[in-house]
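Reader: Before we start, could you walk me through the labels used for this one, and how each was decided?

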Amino acid sequence: MRVGRVVSESRKKGKVEFFDGRSLERVDLGAVDAKVGNFVEVFGDMALGVLTPAEAKKRRTAWEEVQKAALLVEA
Amino acid sequence: MPNSLGYCGPDDRGTILRHLQESKGGEDLVSTLQGFEAAYPFLKLIARETGRKAFDYSVPEAYWIGNSLLDVVKVPEFYRFSHTDLRGKDPAQVRRVFRAVGDGARPHHTFYVMSTFAAPTVKDGQNLLTESSKKVAELVDNCRISWGKVRKVGKDKLAVEYRPVRIEDAKLDLAQPVIRKVGYDRLVRPFGKVREGDFVSIHWGYACDVLSPRQVGNIERYTRADIRSANEMLRKKKQ
C-alpha cells in the first residue's frame with residue numbers, strides 16, 4: 001500500500017503524487033471522497049480511503065526511515 | 001519485470017532485473033531489496049526465528065511461496081514484530097487480526113495481504129466487506145502470490161490456468177480455474193526453458209518463477225490456510 005497526495009481530479013479519476021517522487025500515477029478515486037490536496041491510501045490503482053494530514057505525515061516518516069536504513073546499508 | 005508497477009518497493013526495478021538476468025547478487029541488490037517496506041522486515045523475522053540469513057533461499061521462499069519455516073515462527077513473536085517492526089501499522093488493527101485468527105497467523109505474504117484488507121486500513125476506508133469488496137478482492141488476488149499451470153508459451157506472455165481469489169457472501173475462496181495471460185522474461189534463468197505443463201508463480205500479472213512440485217504443494221497449502229484465517233476475520237468483523 002502506498003500513500004500519496006491528489007494533485008488533480010476529474011470524473012473520479014485522479015493523479016496522485018507518491019512519497020518517492022516518481023512521476024504522477026493515475027488512480028481510481030471512485031470509492032472515496034477525495035479532493036485535490038487530500039492524502040489517499042492506494043492499493044494497486046485504487047484509492048481505499050482519505051488520510052488526515054497527521055496520518056499521512058506518520059506514514060511518510062515511516063517510509064523515509066525504511067529508505068534511509070536501506071541507503072545506510074549500501075554506504 | 002519485478003516491481004514493474006512500483007507498488008511494492010523502491011523505483012529501482014532495473015537493478016533487480018539485471019541481477020535476475022545475470023543470476024548473481026550483490027550489495028546494490030541487497031540495498032534495493034531492503035527498501036521494500038513490508039517484505040524485508042518479514043524476511044528478517046523469519047530469518048531470526050529460524051536461525052538463517054534474510055536472503056538464504058528458504059527464507060524468501062517461505063515468505064512468498066510458503067514452506068515449513070513458517071511453522072517455526074512463534075505466533076507471540078509474530079505479534080510482537082507486527083507492533084514494532086512493521087512501520088505505520090495501526091496497533092489496534094494488529095490486535096484485531098491476532099485476536100481473530102490466533103494460531104492461524106503466519107508471516108506469509110498472502111496472509112499479510114488478506115488480513116490487511118479484511119478490515120479498513122484508514123478510517124471508513126474500503127476493504128473486503130465494503131461496497132468495493134469485489135474490486136478489493138481482485139487487487140488482493142493480484143497482490144498475493146498465485147500459481148498456475150502453463151497452457152501456452154508465447155514470446156513475452158504465458159497463458160496460465162489458475163484459480164483466482166474471489167469474494168462471495170463475505171467469504172474468500174478460490175474460484176473455478178480460468179486462463180489468464182501473464183508476462184514473463186525469457187532472459188531470467190528459469191524461464192529460458194519454460195514449457196507447457198510447468199507451474200509458475202504469479203504476482204501482479206507477471207510470472208515470477210517456475211515452481212517445483214514441492215513448491216506447488218506448499219503454496220496451495222499455505223494459501224488455503226491464509227484464506228481460512230482471513231474468513232475467520234471477516235466472519236468476526238461482520239458480527
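Reader: What makes a residue of chain B count as buried, and what percentage of the 239 residues is that?

Author: Buried residues come to 40% of the 239 in chain B. The label needs 20 or more other C-beta atoms within 10 Å of the residue's own, with exposed at 12 or fewer, partly exposed in between, and C-beta atoms placed from the backbone. Bear in mind that this is a predicted model, where local features need pLDDT of at least 70, side-chain atom pairs count only at pLDDT 80 or more, and totals for chains, interfaces and linings use all residues. Residues are numbered from 1 along each chain as its sequence is written, while chains are lettered from A and ligands numbered from 1 in the order in which they are written.

Reader: Why is Met46(A) called buried?

Author: Met46(A) has 20 other C-beta atoms within 10 Å, so it is buried. Its place is in strand β5 (residues 46-51) of chain A; strands are DSSP runs of E, at least two residues, and helices are runs of H or I, at least four, numbered from the N terminus.

Reader: Which residues does Met46(A) contact, leaving aside neighbours within four places in sequence?

Author: Asp28(A), Ala31(A), Lys135(B) and Leu139(B). Contact means C-beta atoms, placed from the backbone, within 7 Å.

Reader: What makes α7(B) roughly perpendicular to α10(B)?

Author: Helix α7 (residues 91-101) of chain B packs against helix α10 (residues 213-238) of chain B at about 110°. Roughly perpendicular covers 65 to 115 degrees (under 35 is roughly parallel, over 145 roughly antiparallel, the rest oblique), so α7(B) is roughly perpendicular to α10(B).

Conventions. Axes are lines fitted to C-alpha atoms, for helices over the stretch in contact, and angles run from 0 to 180 degrees between N-to-C directions. Two residues are in contact if their C-beta atoms, placed from the backbone, lie within 7 Å.
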